[in-house]
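Keep the structure open beside the text as you read.

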Amino acid sequence: MEIQSTLKRSFVGWNSGYLLMMLVFGVWGAYDYWVKIPNQEIAAIEYEAFAEELRILQESEIKPLPEKDAERYEEVKAILKDRFDNTPPAFPASYDRPLNLWVYFVGCGILGTPWFAWKLIRQPRIDVTLKEDGSLVTRSGTFSAAQITGIDMSKWMSKSIAMVSVEGNDEPITLDDYVYQDTYLIVGKLAHRFHPTEWN
C-alpha cells in the first residue's frame, strides 16, 4: 500500500495563528508610534501650557482682572475641565516609542509577519511518498528500494525526526513527523526493514 506524508493541519493552524498575531502586533506598534504616543505628548504639553496660563491669571496683581483677562480665565478653566477633566495627562514613558517601533512594528510587523507567511508558502503540501514497491518519492528525486541504504533513528524518540540515506544523494532525506502527518508510517516501514530487531 502506498503511504504519503502530507502537511499537518496543526502546522498550518499554528503558523497561521502566529502570522495573524505578528500582523496585529505590527499594526498596533505602528498606531502607537505614529498616532497614540504623539497625541499623548501633545495633550500633556497643551495641558501644561493651559495650566501655566491659568496660574499666571490667578496670580495677577491686577484685581479685579480686566474684562479681556477675566474672559480668558474662564475660557482656560472651561478648556481644562471639558477637554482634560482637570486631570493632567501623563507624558509617555521614554521607552514607549522605541519599544513600539523596534519590538512591535519592526520585530513583529516587518520581520515576524513575512517570516510566518513564508513558512506557510514555502512548505510543500506533500513531503514523501513510499510506493508499494518500496521506492521513495521525495522533493529531491525518486529512489528505488535498492537505492535506500539505511535509516538513522537517533532523533526519532526525542524529535520525531529520522534521516534516510540513499545512493546518489549526498544529503540524507529528512522525515519529520512533527510537520507531516503519516510520516511515522513510512519511518516504521523503513526502520523495520533496516533494524527489524529494534523497531517493529
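Start with Val164, which sits in strand S6; helices (H or I, at least four residues) and strands (E, at least two) here are DSSP runs, numbered from the N terminus. Val164 has a relative accessible area of 0%, so it counts as buried (buried is under 20% relative accessible area, exposed over 50%, partly exposed in between, with a 1.4 Å probe and protein chains only). One thing to keep in mind is that this is a predicted model, where local features need pLDDT of at least 70 and side-chain atom pairs count only at pLDDT 80 or more, while totals for chains, interfaces and linings use all residues. Residues are numbered from 1 along each chain as its sequence is written, and side-chain values use heavy atoms, with hydrogens and water left out.

What does Val164 touch, not counting residues up to four places away in sequence? Its contacts (heavy atoms within 4.5 Å) are Leu136, Ile148, Gly150, Ile151, Pro172, Ile173, Leu175 and Leu190. Take Leu175 from that list: Val164 and Leu175 are 11 residues apart in sequence, and their C-alpha atoms lie 7.5 Å apart in space.

Now zoom out to the core. In soluble globular proteins, nonpolar side chains tend to be buried together. The largest nonpolar core here has 18 residues (such a core is a set of buried Ala, Val, Leu, Ile, Met, Phe, Trp, Tyr and Cys residues joined through side-chain atoms within 4.5 Å). Leu136, Val164, Leu175 and Ile186 have the most contacts inside this core. The elements that give two or more residues to it are strands S2 (126-130), S5 (148-152), S6 (161-166) and S7 (173-176), along with helix H5 (183-194). H5 provides the largest share, 4 residues.

Setting aside neighbours within four places in sequence, Ile186 is in contact with Ile3, Ser5, Val128, Leu130, Leu136 and Leu175. There is also a second, separate core of 9 residues, and Tyr47, Tyr73, Ile79 and Leu80 are included in it.

Follow the contact from Ile186 to Leu130, and you land in strand S2. Leu130 counts as buried, at 6% relative accessibility. Leaving out neighbours within four places in sequence, Leu130 is in contact with Met1, Glu2, Ile3, Ser135, Leu136, Ile186 and Lys189. Along the chain, Leu130 and Ser144 are 14 residues apart, and their C-alpha atoms are separated by 9.8 Å.

Over in strand S7 you'll find Asp176.

Ser160 is in the loop between helix H4 (156-159) and S6, and its phi is near 60°, a positive value in a residue other than glycine. Ser160 is partly exposed, with a relative accessible area of 26%. Asp85 also has a positive phi, of about 55°, although it is not a glycine. You'll find Asp85 in the loop between H2 and H3, where it is exposed, with a relative accessible area of 58%.

That brings us to the helices. The axes of H1 (residues 9-58) and H3 (residues 96-122) come within 8 Å and cross at roughly 155° (axes are lines fitted to C-alpha atoms, for helices over the stretch in contact, and angles run from 0 to 180 degrees between N-to-C directions). H1 and H3 are therefore roughly antiparallel; angles under 35 degrees count as roughly parallel, over 145 as roughly antiparallel, 65 to 115 as roughly perpendicular and the rest as oblique. Their crossing is left-handed, meaning that the near helix is turned anticlockwise from the far one by less than a right angle (clockwise would be right-handed). The residues of the contact of H1 with H3 divide into 20 nonpolar, 8 polar and 5 charged.

The crossing of H1 and H2 is left-handed. On the H1 side, Tyr47, Phe50, Ala51, Glu53, Leu54, Leu57 and Gln58 meet Asp69, Arg72, Tyr73, Val76, Lys77, Ile79 and Leu80 in H2. By type, the residues of this contact divide into 9 nonpolar, 1 polar and 4 charged. Finally, look at the loop between H1 and H2, the place of Pro64: the peptide bond from Lys63 to Pro64 is cis, with omega near -10°.

Key
Ala, Val, Leu, Ile, Met, Phe, Trp, Tyr, Cys and Pro count as nonpolar, Asp, Glu, Lys and Arg as charged, and the others, Gly among them, as polar.
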